[in-house]
Amino acid sequence: MSEEREIARRHLEARVTAAIEASLREPLERAAWNEIALAIHAFQLAHNAPYAAFARALGGGPPTDWRSIPAVPQSAFKRADLRTFSAAETQLTFYTSGTTGEGFGRHHFRSPDLYESSLRAAWRFAGLPVGRPHWILIPPASEALHSSLSHMMGALAPLASEQNWLAHRRDDALALDVTGLRDAAALAREPVILLGTALAFLALFEQLGERTMTLPAGSLAFETGGYKGSGREIAKDELYALFTRHFGLAPESVWNEYGMTELSTQAYANGLGGPHRPPPWLRALVIDPESGAEVAGGEVGLVRLFDLANVGSALAVQTQDLAVRRDGGTFELIGRDPRALPRGCSRAADELLQIRP
């Protein structure tokens with residue numbers, strides 16, 4: 001990387017890091033957000049050749065508002081290396097799943113530092129507890145080197161009192177340590193947080209059968225979605241009823257994470273009725289797929305995301321997820337556009353569960 005580009009990258013990442021920390025104390029001013037977003041966009045035009053070609057093909061002049069920054073489709077991460085640094089400088093790469101034939105995407109990072117700072121800050125912004133044991137139904141990163149979820153769970157360690165990994169790769173399948181979970185539950189004396197994909201939890205409930213566990217009062221579950229392409233899906237209220245049946249957790253004690261391999265930041269929703277609320281450095285538009293314009297409140301469209309922590313790749317990403325626009329920049333997720341190919345940062349781990357139910 002040239003010295004000029006390296007200086008610019010460090011400056012932008014420092015600005016984003018400062019904005020993230022400041023926004024946990026007070027609202028991030030609209031003008032400041034817009035200025036940072038446009039600076040990142042200019043940097044990506046200068047140093048991300050595939051993105052620059054994409055933006056030129058769309059035409060139009062330089063944007064003056066963050067809403068006008070061209071958003072790459074998620075599929076672009078399958079077709080091009082969207083990074084502002086060289087391949088030799090890459091320290092970390094997350095893969096999307098590609099086993100259904102559509103190929104897999106790659107999200108490259110020159111350093112994991114900003115990504116990890118963003119995800120921990122998003123956890124705190126959502127109001128999720130800090131200092132509790134984490135019981136994790138996802139393989140550790142040592143067994144899934146390119147899994148964003150595995151890396152995410154490990155990066156949450158500073159926010160946990162301890163981490164207990166209860167899922168491992170065994171012969172290209174995901175094995176859940178149900179006995180270890182039951183033993184841990186029997187000994188637990190403080191509230192815990194269970195973390196896993198929706199499909200991992202469904203597999204756990206199936207393996208438990210009629211058995212139940214008593215968790216300490218105040219315990220939570222954290223599910224990341226993840227039925228995409230599995231052929232095994234139940235309604236959200238049915239899944240949350242299983243949390244109540246097997247663990248005694250009310251629906252409001254279950255959190256859902258909306259994230260993806262192509263982003264560095266996540267949005268969270270609580271219980272059955274709450275919309276997803278992005279942290280201040282991640283903004284969401286719900287857009288009309290025909291016009292590209294933002295829909296009115298209460299209307300349905302596709303989610304378009306603008307992530308300031310994506311300095312090294314693409315700030316703006318157009319998803320194929322349908323949602324209802326709600327107040328205050330929040331959205332109520334409906335699901336995948338039925339015309340879209342299945343995807344999900346959860347799916348790579350979940351496909352292992354299809355091999356060994």
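Analyst: Relative accessible area under 20% is buried, over 50% is exposed, and anything in between is partly exposed (1.4 Å probe, protein chains only). The model is predicted: local features need pLDDT of at least 70, side-chain atom pairs count only at pLDDT 80 or more, and totals for chains, interfaces and linings use all residues. Residues are numbered from 1 along each chain as its sequence is written, and side-chain values use heavy atoms, with hydrogens and water left out.

User: Why is Glu162 called partly exposed?

Analyst: Its relative accessibility is 47%. That value falls between the 20% and 50% limits, so Glu162 counts as partly exposed.

User: Where does Glu162 sit, and what does it touch?

Analyst: Glu162 belongs to strand S5, residues 160-165. Strands (E, at least two residues) and helices (H or I, at least four) are DSSP runs numbered from the N terminus. Beyond its neighbours within four places in sequence, Glu162 is in contact (heavy atoms within 4.5 Å) with Arg132, Pro133 and His134. Trp135 is 27 residues from Glu162 in sequence, with 8.6 Å between their C-alpha atoms.

User: What makes S4 and S8 a pair?

Analyst: Pairing takes at least two DSSP bridges between two strands. S4 (residues 132-136) and S8 (residues 193-196) are joined by three, so they pair. The two strands run parallel. Trp135 stands opposite Leu194 in S8.

User: How do you know that the six-stranded sheet is open, and why are S5 and S11 its edges?

Analyst: The strand order is S5-S4-S8-S9-S10-S11, an open sheet with mixed pairing. S5 and S11 (267-270) each have a single partner strand, so one side of each lacks a neighbour in the sheet. Neighbouring strands are turned by 20 degrees against each other on average, direction ignored. Helix H6 (residues 148-155) packs on this sheet, touching S4, S5, S8, S9 (220-223), S10 (254-258) and S11. The direction of H6 makes about 140 degrees with that of S5; axes are lines fitted to C-alpha atoms, for helices over the stretch in contact, and angles run from 0 to 180 degrees between N-to-C directions.

User: What makes a void a cavity, and how many are there?

Analyst: On a 1 Å grid over the protein atoms alone, a cavity is a set of points where a 1.4 Å probe fits but cannot get out. Two cavities reach 30 Å³ or more.

User: Which residues lie nearest the centre of the second largest cavity?

Analyst: They are Tyr115, Ser148, Glu257, Met260 and Gln266, out of 11 lining residues. The space is about 60 Å³. H6 supplies three residues, the largest share.

User: What makes the second largest pocket a pocket, and what lines it?

Analyst: A pocket is an open set with protein on both sides within 12 Å along at least five of seven lines. The second largest pocket has a volume of about 490 Å³. Its lining has 22 residues, with Arg283, Ala284, Gly328, Gly329 and Thr330 nearest the centre. S12 (residues 282-287) gives the most, five residues.

User: How do the residues of that pocket lining divide by class?

Analyst: The second largest pocket has 12 nonpolar, three polar and seven charged lining residues. Ala, Val, Leu, Ile, Met, Phe, Trp, Tyr, Cys and Pro count as nonpolar, Asp, Glu, Lys and Arg as charged, and the others, Gly among them, as polar.

Terms used:
On a 1 Å grid over the protein atoms alone, a cavity is a set of points where a 1.4 Å probe fits but cannot get out, and a pocket is an open set with protein on both sides within 12 Å along at least five of seven lines; lining residues have an atom within 4 Å of a point. Grid points are joined across faces, edges and corners, and a volume is the space filled by probe spheres set on the points.
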